[in-house]
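Reader: I am new to this structure and would like a close look at a single part of it. Please take me through its aromatic rings with some care.

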Amino acid sequence: MGRLNFLHHPCAFIIAFTVILMSMEATTTADEDRQVYIVYLGSLPKGEFSPMSQHLSVLDEVLEGSSSTDSLVRSYQRSFNGFAARLTEKEREKLANKEGVVSVFPNRIYKPQTTRSWDFMGLSETHQPKPAFESDVIIGILDTGIWPESQSFSDKGFGPPPKKWKGVCSGGQNFTCNKKIIGARIYNPQDHFDSSVRDLDGHGTHTASIAAGNNVKNVSLYGFAGGKARGGVPSARIAVYKVCFSDGCGGADIMAAFDDAISDGVDIISISLGLDEVVVFDQDPIAIGAFHAMAGGVLIVQSAGNAGPRVFSVNSIAPWIITVAASTIDRKIIDRVVLGNGTVITGRSACLADCLNVTAVKGKILLCDSAWGDEGALKFGAAGTIILDIGETSVVPIPTTSLGNKGLKIAISYFKSTKKPTANILKSETIKDFSAPVVATFSSRGPNSLIPEIMKPDISAPGVDILAAFSPFPSLRDNKSVDYNILSGTSMSCPHVAGVGAYIKSFHPTWSPSAVRSALMTTARPMKDSASLYGTLGFGAGHLDPVKAVSPGLVYETSKDDYIQVLCNIGYNTTTVRQISGDNSTCPKGKKSSPKDMNYPTMTVYVKQLRPFRVEFPRTVTNVGPSNSTYKAEVVAGKHPRMKVEVNPPTISFKKEMKKKSFVVTVTGKGMTMEKPVESASLVWSDGTHSVRSPIVVYTDMLIDY
């Protein structure tokens, strides 16, 4: 490749699957200031009950100048109680003050948060799956739809759907289910062009194939990341709930999909969608739907978000949801840049987004001093682009690379040092990344901004440079279409965990969602604090380990009543929690307990700066390993720990499987500072075979870099 001139431009990079919240009106009428609100009424009442009649009756009581049938947008009546309706602000206020109404909130627009990864985690094809049991596991995917003709979703060799399946195939025009994709539903499409479950974006196809795609040989993207594409549980079934369209993913539609998926009989729901802000639980369609799913025995896995590396950026914070961060795998696609003075700089192969006025771009390499490139670079004839590395890769049709801060400074310094700077961007190549796994820069970080005592994210999984099935409909930047594509984001890490959750369920079909979560978290591989901003706040319990998760030894189980107690602890009253739970739950009077006391697999607490602290974490473990076993506690801490951890009792013994034992972890320290605001250690219970690890995190006030 000949030497090319530089053009330096201050551009900005856009991740295609970054989560953004567009607080906007979902629907308005021409003559009234009406918008869609979601009215949440809690659990379905027991006995004979007509939700639709109740919803219309409630609307009739508050509407002014509109009929209830015209106002009603959607009725939730299969798994929980509520509806969506077009309301004025005055009508919304009247509804919110009515007895029996838990919450009324806007129909916010959610966005998607967008191979080798399974081998990297140790789940190779040589591990013995249980296809007969896997085929009874149903994963619900709430996303942009699916491309059913992809080889990843062929039903060759599949038998009929599991008997527990109660769903339907309502995929719309030109969409057919099979024995692999056993269910399909579409929700409220505003775009008549996109009127079927067929995926016109590619995101949903990608996430579904990561979780449960078939084994497909000899796939790659333009020759990169070649090999076999496969999901975590290739024999599992998929049910698709299309809630996302060109204008985003409506909260009212997401709630409807949860309402259906729970009753349809899915075992796991994978949802790679989110907002860029934290919403209280009773106004978050995902948190609401996930609560009722949990109560029905369904495991919920959600992406953490792509707003990192800023702390407090994680927005999936409900304790009944598994929240997944994104990390690297040991495959890295790089480019080398040779500057005109002979300096060679290694960078990451990068994708492009928008920026400029481009009369001077043609035939030149566009040098950007930020993490933003230019989608117009190809359109307007740029020969290549160099931008700031933000920790991900995407293959593009023109020479493009992203450099780390040091490399970019060298390139810019050279550019400024000569009147006619030149450079070569060499052909991309794949190398082994020995530093992996490392939390991706874009992956959202904790702490949990709503419940400081519950660690989020929970776990990390591969989310960088993931090759998986894609929809051939959306053309790439060179107007070509592909069947498999490389994407990065917590959207990609989420279905990895969902797939492993299904893998665990194939071995332990009666385990509760909290038992599966505990198995995932307590067997996760430790990650280096130094490789992630604030360490555990970026990766939670650690990196997903599918093989060990099947046999955790002990599990921390959490019940619906435990979650209700947490709601009481953060301010919900008895009336409200009874509406949500559908039972006689009661919030205790007097002094409340702390969310830190919930039987969570991690232990987290916020303490005030420079003040000595003493915190106790009561926990209970259930033996799911050998009947006769004895576990000893070990505390693993850094070289210079600023806290002391004691476990009482330090040894626990079991005589039978499923027996429970309780213990208390006491953490003391002299004080935390803003300069070093996070301190972590781990409690490890070991019987010589199993290592059951729980991170312990103490943190204080920290600077938030916006």
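How many aromatic pairs does the count come to?

Author: This is a predicted model, and in it the count comes to nine aromatic pairs. A pair of aromatic rings is described by the distance of the centres and the angle of the planes. One of the pairs is formed by W320 and Y563, whose rings are 5.7 Å apart from centre to centre, with 80° between the planes, an edge-to-face arrangement. Because W320 belongs to the loop between β16 (299-303) and β17 (322-327) while Y563 belongs to helix α15 (residues 560-569), this pair ties together parts that are 243 residues apart in sequence. W320 is buried, and Y563 is buried as well.

Another pair, that of F663 and W685, has its ring centres 5.0 Å apart and its planes at 65°, and is therefore edge-to-face. Here F663 is in strand β34 (residues 660-669) and W685 in strand β35 (residues 678-686), so the parts that the pair ties together are 22 residues apart in sequence. F663 and W685 are both buried.

Returning to W320 and Y563, these two residues form one aromatic cluster together with F281 and F291.

Note on methods:
Residues numbered from 1 in each chain as written. Predicted model: local features only at pLDDT ≥ 70, side-chain atom pairs only at ≥ 80, totals over all residues. Heavy atoms only, no water. Phe/Tyr/Trp six-rings, centres within 6.5 Å; stacked < 30°, edge-to-face > 60°. Helix = DSSP H or I, 4+ residues; strand = E, 2+ residues; numbered from the N terminus. Buried < 20%, exposed > 50% of the residue type's maximum accessible area, 1.4 Å probe, protein only.
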